[in-house]
Amino acid sequence: MPYEKLLHDNKAWAKEMVQDNPDYFKRLAQLQTPEFLWIGCSDSRVPADRITGTQPGEIFVHRNIANLVIHTDVNLLSVLDFAVNHLKIKHVIVCGHYGCGGIKAAITNHDYKYILNMWLRNIKDVYLLYKDELDAIKDEEQKTNRLVELNVKEQVLRLAKTSIIQRAWKYDNRPMLHGWVYGLKDGIIKTIFDMQPGTALDSIYEYDDL
Ligand code: CO
């Protein structure tokens with residue numbers, strides 16, 4: 001596909017939107033009030049807005065390989081801080097997907113070289129937390145898909161460990177945290193794990209002077 005097609009189709013799309021609603025871009029340009037932050041996988045088959053039927057302006061998005069929440073990732077933490085403290089979003093959704101290439105790669109012993117190894121090692125750390133359960137699954141695809149689910153749960157727990165989330169829980173009783181997994185084969189999102197504002201954590205992670 002030539003890259004020019006993307007620019008051409010963009011013009012056609014913009015024209016169509018204005019035909020349906022002449023003020024479409026004028027209204028969007030003035031205001032952004034999404035209620036959802038989406039932390040998803042970079043995989044091209046999992047577009048956050050398309051699979052949730054949301055429109056521009058409705059969902060704030062961060063994506064990386066295997067939808068990880070890394071405590072030293074300034075990119076993700078900036079997105080989280082802005083979404084929670086400025087956009088005042090009500091829900092954070094971590095959405096993985098079955099058949100995730102990042103999860104599959106992390107299960108192998110292959111050397112993906114410097115940078116990818118560093119990123120994928122975070123997933124190996126999640127595997128280790130649930131080693132007994134995962135080692136008991138003999139089918140590779142089933143094992144991958146269970147780790148996809150457990151990884152989503154772990155990333156939601158990591159969100160709750162941040163002072164950003166804990167402060168918003170304490171003073172504003174939001175956001176609710178969600179762990180979801182999208183099925184590439186059927187297009188359906190399965191809910192895996194969620195956390196209501198104020199849920200207790202292991203005490204070592206709880207800040208008492210927020
Ligand atoms: Co993926």
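**Reading the salt bridges and the cobalt site**

Guide: Glu149 and Arg146 are 3 residues apart in helix H8, which means that about one helical turn separates them. The model is predicted, and this pair is a place to start.

Visitor: How far apart are the closest N and O atoms of Glu149 and Arg146?

Guide: A salt bridge calls for a side-chain nitrogen of Lys or Arg within 4 Å of a carboxyl oxygen of Asp or Glu. In the case of Glu149 and Arg146, the closest N and O atoms are 2.7 Å apart, and the two form a salt bridge.

Visitor: Is Glu149 buried or exposed?

Guide: Buried means under 20% relative accessible area. Glu149 has 11%, so Glu149 is buried. Arg146, with 26%, is partly exposed.

Visitor: Which residue forms a salt bridge with Arg146 at 2.4 Å?

Guide: That partner is Glu133, with 2.4 Å between the closest N and O atoms. Here the pair links distant parts of the chain: Glu133 belongs to helix H7 (residues 131-135) and Arg146 to helix H8 (residues 140-160), 13 residues apart. Glu133 is partly exposed at 35% relative accessibility.

Visitor: How many salt bridges does the rule count?

Guide: The count comes to 10 salt bridges. One of them joins Arg174 to Asp172, with the closest N and O atoms 2.7 Å apart. Arg174 counts as buried at 11% relative accessibility, whereas Asp172 is partly exposed at 41%.

Visitor: Which residues do salt bridges that share partners join into one network?

Guide: Glu133, Arg146, Glu149 and Lys190 make up that network.

Visitor: Now the metal. What are the protein donors of the cobalt ion?

Guide: To read a metal site, look for N, O and S atoms within 2.8 Å of the metal. The cobalt ion has protein donors in Cys41 (SG), His97 (NE2) and Cys100 (SG), at 2.0 to 2.3 Å. Water is not among the atoms, so the site may look incomplete.

Visitor: How are the donor residues of the cobalt ion spaced in sequence?

Guide: A spacing pattern names each donor residue and gives the number of positions between donors. For the cobalt ion the pattern is C-x55-H-x2-C.

Technical notes
Residues are numbered from 1 along each chain as its sequence is written. This is a predicted model: local features need pLDDT of at least 70, side-chain atom pairs count only at pLDDT 80 or more; totals for chains, interfaces and linings use all residues. Side-chain values use heavy atoms; hydrogens and water are left out. Donors are N, O and S atoms within 2.8 Å of the metal (3.2 Å for Na, K and Ca); water is not among the atoms, so sites may look incomplete. Helices (H or I, at least four residues) and strands (E, at least two) are DSSP runs, numbered from the N terminus. Buried means under 20% relative accessible area, exposed over 50%, partly exposed in between (1.4 Å probe, protein chains only).
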